[in-house]
Amino acid sequence: MRLPRSSGVLLHPTSLPGPFGSGDLGEAAYHFVDWLAAAVQGCWQVLPLGPTGMGNSPYMSPSAFAGNPMLIDLAELRQRGWLADEDLRATPSWNEGRIDFATVVPWRWERLRAAARRFERDAGSADRADFESFCARHESWLDDFTLFAALSDAHPGRAWCDWEPALVRREREAIARAREQHAGSIAFHRFCQWRFFDQWSRLREHAQRRGVRIIGDMPIYVAFHSAEVWARAELFELDDTRWPQVVAGVPPDYFSATGQRWGNPLYRWQAHADQGYAWWIERVNRTFDLVDVVRIDHFRGFASYWEIPADEPTAIHGRWREGPGAGLFDAIARAHGPLPIIAEDLGIVTPDVVQLRKRFAFPGMRILQFAFGEDARNPYLPHHHEPDSVVYTGTHDNDTTRGWWSQAGERQREHARDYLGTTGAEIHWDFIRSALMSVADTAIVPLQDVLGLGSEHRMNLPGIGEGQWAWRFAWSQVRSEHADGLAMLTKLYGRDGTQV
């Protein structure tokens, strides 16, 4: 599906400012939407919104359907009377530029548990009715997820396949006992999901009123320690003990000489096909309940995917396997019709990947940081862009543009200087101008590039498990010329909605 000519900013909500250690869905999120509107931006792109897993990565979630409780606005819980002023007054000394997950996460969990207890004790009939209605609407995934979350709390540090054998096999009597035994914890996790979805819905409505579409992100894989792998083991490549024998990743590429061993379990695609891809159809449906456009991460894995033996420490010794191809997307199209989906087609892109993307008219991605250092044939150079694509200065996996420039080789710099007609003194604005000038229908710029920040502000370094996803900005870093500059270029290159 073709997207309207527009531009936007990439920023995950955890990177927002705020008083409670990490960004959330509170006042700063609304302020950011208003800032986007003032900068004449039509899109806000976020990373996956689910609970985070290993390494605090939003791409390693314990659920394909749940929201991240760490994004819940605690101030709203105080306004409803479920938190007291003193609960939020005694805050640690946060670093406003980075998230200290080891401190922030348990602190936020403690406040959420306090709020859930007060809700259970004091909530009025209207709130209770809304809560029950939410649980009924989301029953298809919520029951499994909240039981899984409660059992994970009861078995800290243990993967689900190391729980009691009856729970691992999901025997009916064992599941019934667990629901009764952990009823309080289940209710708590239901409360968290209710508050996340309600708060996100209201933020999205505010964005729609301001003319800002939200671009979401759907990882191709889920984490091994996830409600879906536990509850639907037949859909994943697991052995008789429920452990994966092969895992996901990508071979050596631009980002890593040894490839990336993600460790996610791989799908048993024939089982999905036998069920008419029902799980995927629901997943897509639930994702579009949250966002307006969906970027599917690692799209090439649907054409063919890299299978790594689980005992291999790197991704080098893997092999390509055939993915579901058009069968999956035909099923999704039959269920939903044409959808605004962006295909993340980076990495090793073979003709079958291009053919699959174009068959369903999914725009692909063009990254300007990949464009320089070779010759005029490089497909990421703007003169090769196509309208049905999305151009980025860089993504969450790239360095910031100023960081890239500081570490680029002389051949890359010379090529960029000649191509862009620049000295490189404000290389981030040169890249932004080039992206917005492109014929690509959509142009997305990470906020770090708008602010002209260096490498210390990058969001993620692929292949490094710890210390990622922690970057935050402060409003003191944002000046009037940032919004004014974006607005001017957006209008100049016809991305403000006045041209079609």
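Buried means a relative accessible area under 20%, exposed means over 50%, and partly exposed lies in between, as computed with a 1.4 Å probe on protein chains only. The legends below describe a predicted model, in which local features need pLDDT of at least 70 and side-chain atom pairs count only at pLDDT 80 or more, whereas totals for chains, interfaces and linings use all residues. Residues are numbered from 1 along each chain as its sequence is written, and side-chain values use heavy atoms, with hydrogens and water left out.

View 1. Thr 350 is placed in the loop between strand 9 (341–343) and helix 15 (351–359), where helices (H or I, at least four residues) and strands (E, at least two) are DSSP runs numbered from the N terminus. Because its relative accessibility is 28%, Thr 350 counts as partly exposed. From C-alpha to C-alpha, Thr 350 and Ser 304 are 9.3 Å apart in space, and they are 46 residues apart in sequence.

**View 2. The crossing of helix 5 and helix 9.** The axes of helix 5 (residues 125–137) and helix 9 (residues 183–209) come within 10 Å and cross at roughly 95°; axes here are lines fitted to C-alpha atoms, for helices over the stretch in contact, and angles run from 0 to 180 degrees between N-to-C directions. Helix 5 is therefore roughly perpendicular to helix 9, given that angles under 35 degrees count as roughly parallel, over 145 as roughly antiparallel, 65 to 115 as roughly perpendicular and the rest as oblique. On the helix 5 side the contact is made by Asp 127, Asp 130, Phe 131, Phe 134 and Cys 135, and on the helix 9 side by Ala 187, Arg 190, Phe 191, Gln 193, Trp 194 and Phe 197, contact meaning heavy atoms within 4.5 Å. Sorted by class, this contact of helix 5 with helix 9 has seven nonpolar, one polar and three charged residues; Ala, Val, Leu, Ile, Met, Phe, Trp, Tyr, Cys and Pro count as nonpolar, Asp, Glu, Lys and Arg as charged, and the others, Gly among them, as polar.

**View 3. Salt bridges between separate elements.** The structure holds 30 salt bridges, each defined as a side-chain nitrogen of Lys or Arg within 4 Å of a carboxyl oxygen of Asp or Glu. In one of them the side chains of Asp 24 and Arg 108 meet at 2.9 Å, N to O. Asp 24 lies in the loop between strand 1 (6–10) and helix 1 (27–38) and Arg 108 in helix 4 (residues 101–122), so this pair ties together parts that are 84 residues apart in sequence. Both Asp 24 and Arg 108 are buried.

**View 4. Asp 144 with Arg 170.** A salt bridge joins Asp 144 to Arg 170, with the closest N and O atoms 3.1 Å apart. Since Asp 144 lies in helix 6 (residues 139–154) and Arg 170 in the loop between helix 7 (165–168) and helix 8 (172–181), the pair ties together parts that are 26 residues apart in sequence. Arg 170 counts as partly exposed at 25% relative accessibility.

**View 5. Asn 56 with a positive phi.** Asn 56 is found in the loop between strand 2 (43–45) and helix 2 (74–79), and its phi is near 65°, a positive value in a residue other than glycine. Most residues other than glycine have a negative phi. With 22% relative accessibility, Asn 56 counts as partly exposed.
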